[in-house]
Amino acid sequence: MQPFTGSFTQQEPIAEDAIAAAVEVLRSGRLHRYNTVADELGPVAELERAYAAYQGSDYCLACTSGGYAMATALRALGVGAGDRVLTNGFTLAPVPGAIAAVGAEAVLVEITPDLVLDLEDLEAKIQATHPKVLLLSNMRGHLCDMEALVALLDRYDVPLIEDCAHTMGASWNGRKSGSFGIAGCFSTQTYKHMNSGEGGLLTSDDPEFMARAIMLSGSYMMYERHGAAPPAEVFHDIRLDTPNMSGRMDNLRAAILLTQLGALETNIDRWNARHDLIADRMRGVAGVYVPHRPAQERYVGSSFQFLMPEADAKTMRAIVASAKELGVELKWFGADSPVGFTSNHQSWRYIPRQDLPKTDALLAGLLDMRIPLTFSLEDCAHVADILVHVVGQALQKGAA
Ligand SMILES: *Cc1c(COP(=O)(O)O)cnc(C)c1O
């Protein structure tokens, strides 16, 4: 088997039109979002307007990171010390981190083999813990039945904040991910669907919520210079009642993102062509389960996951090792200690230890892979060949 030589962390270069827009900002010297001339709409405000339109939301706030967007959403909702916040047992560290940032306590909910929130366990935990909010993490781009989720949350009057770091551009039944609750939180960190190095976007249709979020982000009294903010009268009391916790986006990053937003839909098609090629191959392999994607879900295949429900730890390690030898980087979420971005809930020692037998059993057999757009379709076919080969080999050895 020929080794694969592509890099799983190499994103595409920033396009020339985005570079030109960035250079223009640099030449102007006006990098701060409120450093505008007369009533000019600066790049950050323009990005907020464009992203709100893309998302179909009334309001949008651009900020420093996806993690900051989540913590700000929690704060703007009034979540604080001692409150309980439900979230997925399978997610990445910025999510429990955002909950910790406001002094709240994370309560983890089990996931299903399709890597989405287990609605039965969610209901049980709502009844048992009386949470202030659900911070739903659409981890690795898998969406649960959003209508069923919203109906359940409505029954218990639990608000919803969506972590859409992996579902920017995704939708459920034609409705954009991030528009099902009070807020959607997005990341523009390098490994997400738009790349400004670091960055975050927070969307909402709720005027008071967004006014508080804008004040929290460090708006001073400049909220009228925003691109997709509620009217000035909404800020009347909120501006004096809300502390400044600086986390503004700057014009340089916004300029890069504005031109990327125009390419997002095309890139989603490119990601899905790559993802589906690999997923279709893997679906037929003995011993492998590829999470089901419901017809209602329009996903963004920027990464690929598969489960080996029967494999033991030794087999999992063997698969990761032989894939690596052939140049394919797989992340295993069942490892004892976190490697790279794979941390699982047992390594979040700042939250109370939680018993998640279903999630743990799934993570023990879960493998995860990035799909950068620098891979061609031929590259993806090569990667799929290697996956089929190493999985087959490891299962054969395990059975011997
Ligand atoms: C990347 C990511 C975030 C936000 O990350 P930032 O690095 O703070 O922008 C949130 N949730 C998940 C699941 C992520 O992978």
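The structure is a predicted model, in which local features need pLDDT of at least 70, side-chain atom pairs count only at pLDDT 80 or more, and totals for chains, interfaces and linings use all residues. Residues are numbered from 1 along each chain as its sequence is written, and side-chain values use heavy atoms, with hydrogens and water left out. Among the features described below are an open sheet of 7 strands, 13 salt bridges and a largest pocket of about 560 Å³.

**The sheet**

- Helices (H or I, at least four residues) and strands (E, at least two) are DSSP runs, numbered from the N terminus.
- Strands of a sheet pair through backbone hydrogen bonds, either parallel or antiparallel. Two strands are taken to pair if DSSP finds at least two bridges between them.
- The 7 strands form an open sheet in the order E1-E9-E8-E5-E4-E2-E3, and the pairing is mixed.
- At the edges lie strand E1 (59-63) and strand E3 (105-109), each of which pairs on one side only.
- On average, neighbouring strands of this sheet are turned by 20° against each other, direction ignored. Axes here are lines fitted to C-alpha atoms, for helices over the stretch in contact, and angles run from 0 to 180 degrees between N-to-C directions.
- Strand E2 (residues 84-88) and strand E4 (residues 133-137) run parallel and are joined by 3 bridges. Thr87 has Leu135 in E4 as its bridge partner.

**Strand E9 and its neighbours**

- E1 and E9 pair in the antiparallel sense, over 5 bridges, and Cys60 stands opposite Thr203 in E9.
- E8 and E9 also run antiparallel and are joined by 4 bridges. Phe186 has Leu201 in E9 as its bridge partner.
- Buried means under 20% relative accessible area, exposed means over 50%, and partly exposed lies in between (1.4 Å probe, protein chains only).
- E9 is largely enclosed by the rest of the structure, because 5 of its 5 residues are buried.
- Gly200, Leu202 and Ser204 point one way from E9, whereas Leu201 and Thr203 point the other way.
- Helix H3 (residues 66-76) lies across E1, E2, E4, strand E5 (160-163), strand E8 (183-187) and strand E9 (200-204), and runs at about 160° to E8. Contact means heavy atoms within 4.5 Å.

**Salt bridges**

- A salt bridge is a side-chain nitrogen of Lys or Arg within 4 Å of a carboxyl oxygen of Asp or Glu. The structure holds 13 of them.
- Asp250 forms a salt bridge with Arg253, with the closest N and O atoms 2.8 Å apart. Asp250 is partly exposed, at a relative accessible area of 22%, whereas Arg253 counts as buried at 16%.
- Asp280 forms a salt bridge with Arg283, with the closest N and O atoms 3.0 Å apart. Both residues lie in helix H10 (residues 264-283), 3 residues apart, which is about one turn of the helix. Arg283 counts as partly exposed, at 42% relative accessibility.
- Arg281 forms a salt bridge with Asp385, with the closest N and O atoms 2.8 Å apart. This pair links distant parts of the chain, with Arg281 in helix H10 and Asp385 in helix H13 (residues 377-399), 104 residues apart. Arg281 is partly exposed at 36%, and Asp385 counts as partly exposed at 32%.

**Pocket and cavities**

- Rolling a probe the size of a water molecule over the atoms shows where empty space is left.
- On a 1 Å grid over the protein atoms alone, a cavity is a set of points where a 1.4 Å probe fits but cannot get out; a pocket is an open set with protein on both sides within 12 Å along at least five of seven lines; lining residues have an atom within 4 Å of a point.
- Grid points are joined across faces, edges and corners, and a volume is the space filled by probe spheres set on the points.
- The largest pocket is lined by 37 residues, of which Leu92, Arg140, His166, Gln189 and Lys192 lie nearest its centre. H3 gives the most to this lining, with 3 residues.
- The whole structure contains 2 cavities of 30 Å³ or more. The second largest cavity has a volume of about 40 Å³, and Arg283 is one of the residues that line it. H10 supplies the largest share of that lining, 3 residues.
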